[in-house]
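Hi everyone, thanks for making time this morning. I'd like to walk you through a fold, so please keep the structure open while I talk.

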Amino acid sequence: MIFSAIGVVLITILVLVVAQIQFKNKKSHSPEEEVFYSDGDLKIRVFYNRPYKKNREIFGGLVPYGKVWRTGANEATTFETNKTITIEGKKLTPGTYSFWTIPDSTTWLVIFNSESGQWGINHKGEANRNPELDVLNLPIHAVKQKRVFEQFTIGFEKMGEEAEMVLLWDQTVVAVPFSY
């Protein structure tokens, strides 16, 4: 009886170790990243995972047009702001949001959702987003360019009295302007 209990404990530990190694290996293919923007009292933090292109067709292929995308890999991307910001004339109040997009060839729908911390897709491979919790939906112009960005990247640029959160991957650039 003692041997079976010890055996069960050892097998459980082994399963947990293997699962952790597999999880870390998956994350290495789309490493975690945090980017920050600050100006005066305003502090913004974005947490996301950065997949690689790897010779794949990204938008309209791996990331289908017209479908909700977690805007990264693994967990849903999170966007935190400690102050109210204005995006395309709409207010986003302080808080932590999941950040989603619906890509298209010329315009993306950018979505801030009040639920955060969830895995990016459900067991059916669909976006793990409850649209009833969307707090802001904004159409943003997408620009196709010649330069190829191998790894998905989110960054910020200050432009005078305003700033942009910039999404880059493959040959697509989407700049989400905001003021505060």
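Let's begin with Thr78, whose bridge partner in β6 is Ser98. That pairing belongs to a set of five bridges that join strand β3, residues 77-81, to β6, and these two strands run antiparallel. Do keep in mind that what you see is a predicted model.

Now zoom out to the sheet. It is open and made of seven strands, in the order β1-β2-β3-β6-β7-β8-β9, with antiparallel pairing. Which strands stand at the edges? Those are β1 and β9: each has a single partner strand, so one side of each is left without a neighbour in the sheet. On average, neighbouring strands here are turned by 30° against each other, if we ignore direction.

Strand β8 covers residues 134-159, and eleven bridges join it to β9 in an antiparallel arrangement. One example is Val143, which has Val173 as its bridge partner in β9. Between the two strands of this hairpin there are two residues, and in the hairpin Gly160 takes a positive phi near 65°.

In soluble globular proteins, nonpolar side chains tend to be buried together. Here, the largest nonpolar core has 33 residues, and those with the most contacts inside it are Ile44, Val46, Phe79, Ile87, Phe112, Met165 and Phe178. Two or more residues each come from β1, β2, β4, β6, β7, β8 and β9.

Pick Met165 from that list and click around it. Setting aside neighbours within four places in sequence, Met165 is in contact with several residues, including Val46, Phe79, Phe99, Ile154 and Phe178. Its contacts also include Gly155, Phe156, Val174, Ala175 and Val176.

Next, the rings. There are 16 aromatic pairs in the model. How do the rings of Phe79 and Phe112 sit against each other? Their centres are 5.1 Å apart and their planes are at 75°, so the pair is edge-to-face. This pair links distant parts of the chain, since Phe79 is in strand β3 and Phe112 in strand β7, 33 residues apart. Phe79 counts as buried because its relative accessibility is 2%, and Phe112 is buried too, at 0%.

Phe112 has another ring partner, Tyr97: again edge-to-face, with 6.4 Å centre to centre and 85° between the planes. Tyr97 is in strand β6, 15 residues from Phe112 in strand β7. At 6% relative accessibility, Tyr97 is also counted as buried. Elsewhere you can find one aromatic cluster formed by Tyr48, Phe59, Trp69, Trp108, Phe152 and Trp169.

Why does Gln118 count as buried? Its relative accessibility is 9%, and the cut-off for buried is under 20%. What lies 3.3 Å from a polar atom of the Gln118 side chain? That is the backbone oxygen of Asn128. Leaving aside neighbours within four places in sequence, Gln118 is in contact with Glu75, Ala76, Ser98, Trp100 and Asn128. And Ser98 brings us back to where we started, as the partner of Thr78.

Technical notes. Residues numbered from 1 in each chain as written. Predicted model: local features only at pLDDT ≥ 70, side-chain atom pairs only at ≥ 80, totals over all residues. Heavy atoms only, no water. Pairing = 2+ DSSP bridges. Helix = DSSP H or I, 4+ residues; strand = E, 2+ residues; numbered from the N terminus. Core = buried A, V, L, I, M, F, W, Y, C linked by side-chain atoms within 4.5 Å. Buried < 20%, exposed > 50% of the residue type's maximum accessible area, 1.4 Å probe, protein only. Contact = heavy atoms within 4.5 Å. Axes fitted to C-alpha atoms, helices over the stretch in contact; angles between N-to-C directions. Phe/Tyr/Trp six-rings, centres within 6.5 Å; stacked < 30°, edge-to-face > 60°. Polar contact = N/O pair within 3.5 Å; in protein donor to acceptor, adjacent residues only side chain to side chain.
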